[in-house]
Structure formats: C-alpha cells, structure tokens
Amino acid sequence: MKPGNNFIGKDFMEILWLIVTLIPVPFLFHYYEYGQHIKHEEATFLLPSAILFVIVAGLLSRNVKLRYIFFVNIITGLLSIFLASNFIFDEGAWFKPVGREGAVIFIALVLFTGQLLVRLLSRTFVVRNKA
C-alpha cells in the first residue's frame, strides 16, 4: 500500500466499484419483480435492495473518473437487456407502457442517476470535511 493512503487503498476501492457496478442489477430488479408477480406475492425486498445498491455503488465511485462510470453503466445496461430478453418472459400486460427492454433501460437510468447523486454528495461531504 502506498504511503498516505487510508486503511483500504484507492485502487482496491476502484476495483471493488467495478465489480459491484458490473452486477446486472436492472435485470435482477425485474427478474425478482416479475417472479414475485407470477407467484402473486409482493416484492418486499425490491426497494431496499435497490437503494442499498445505489448507495454502495455511489460511495465506491467517489474516486472513479466520470467517463468510466458512464462506460461501465452502459455495459451493465446492455448486459441487463441481454439477460432480460433471455430469462424474462415478455408479458405484454406487465411491461405494457414501454415493453420489457424499455423497463430495464428505465431502471438502469434510475440506478445510474442515483449512483451519480450519491457520488456527488459523498464527494461534497469529503471535501467539506477536509477543510
């Protein structure tokens, strides 16, 4: 570890961010939601897990360049669309307004926006703390 770094190195945090961000959460979101819909049960863990993902990914992305965040989130969105087209049935009534792929893209954009917001807030808080 380089001198002057915190307990966990900056490089380790960036690798951890990459691993966390490459998880196809938009696909998993709809896979769980649609699975619960088929079983006629409520998706109770959907919102808390999405919020937890946004917070963790946003905090880990604090030191990552913005262009890498865009690039990796695009890859994750495309991976999620591919997985959704292979593993989630395209039920017209459930995905009615935008379709299955549109729903996955929408959730990917919401998660991406949340990640950027948490990143901005964490960067602002850390800069204020150092002053």
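At what angle do helix 2 and helix 4 pack, and how far apart are their axes? I started there, keeping in mind that this is a predicted model, where local features need pLDDT of at least 70, side-chain atom pairs count only at pLDDT 80 or more, and totals for chains, interfaces and linings use all residues. Numbering runs from 1 along each chain as its sequence is written, and side-chain values use heavy atoms, with hydrogens and water left out.

**Helix 2 on helix 4**

I got an angle of about 30 degrees and axes 7 Å apart for helix 2 (residues 25–38) and helix 4 (residues 66–87). Axes here are lines fitted to C-alpha atoms, for helices over the stretch in contact, and angles run from 0 to 180 degrees between N-to-C directions. Helices are DSSP runs of H or I with at least four residues, numbered from the N terminus. The two are therefore roughly parallel (angles under 35 degrees).

I then listed who makes the contact (heavy atoms within 4.5 Å). Helix 2 brings V25, P26, F27 and Y31, and helix 4 brings T76, S80, L83, A84 and F87. By class I noted 7 nonpolar, 2 polar and no charged residues. Nonpolar is Ala, Val, Leu, Ile, Met, Phe, Trp, Tyr, Cys and Pro; charged is Asp, Glu, Lys and Arg; the others, Gly among them, are polar.

**Second largest pocket**

I looked up its volume next: about 240 Å³. A pocket is an open set of points on a 1 Å grid over the protein atoms alone, where a 1.4 Å probe fits, with protein on both sides within 12 Å along at least five of seven lines; lining residues have an atom within 4 Å of a point. The volume is the space filled by probe spheres set on the points, which are joined across faces, edges and corners.

Of its 17 lining residues, N73, I74, G77, A108 and L109 are the closest to the centre. Helix 2, helix 4 and helix 5 (99–130) each give two or more residues, and helix 4 has the largest share, with 7. I counted the lining as 13 nonpolar, 4 polar and no charged.

**Two single residues**

F53 sits in helix 3 (residues 46–60). I have F53 as buried, at 14% relative accessible area (buried is under 20%, exposed over 50%, partly exposed in between, with a 1.4 Å probe and protein chains only). F53 touches V20, V25 and L111, leaving aside residues up to four places away in sequence. V20 is 33 residues from F53 in sequence, yet 8.3 Å away C-alpha to C-alpha.

H40 is in the loop between helix 2 and helix 3. I found H40 exposed, at 73% relative accessibility. Its phi is near 60 degrees, positive in a non-glycine residue.

Conventions: Angles under 35 degrees count as roughly parallel, over 145 as roughly antiparallel, 65 to 115 as roughly perpendicular and the rest as oblique.
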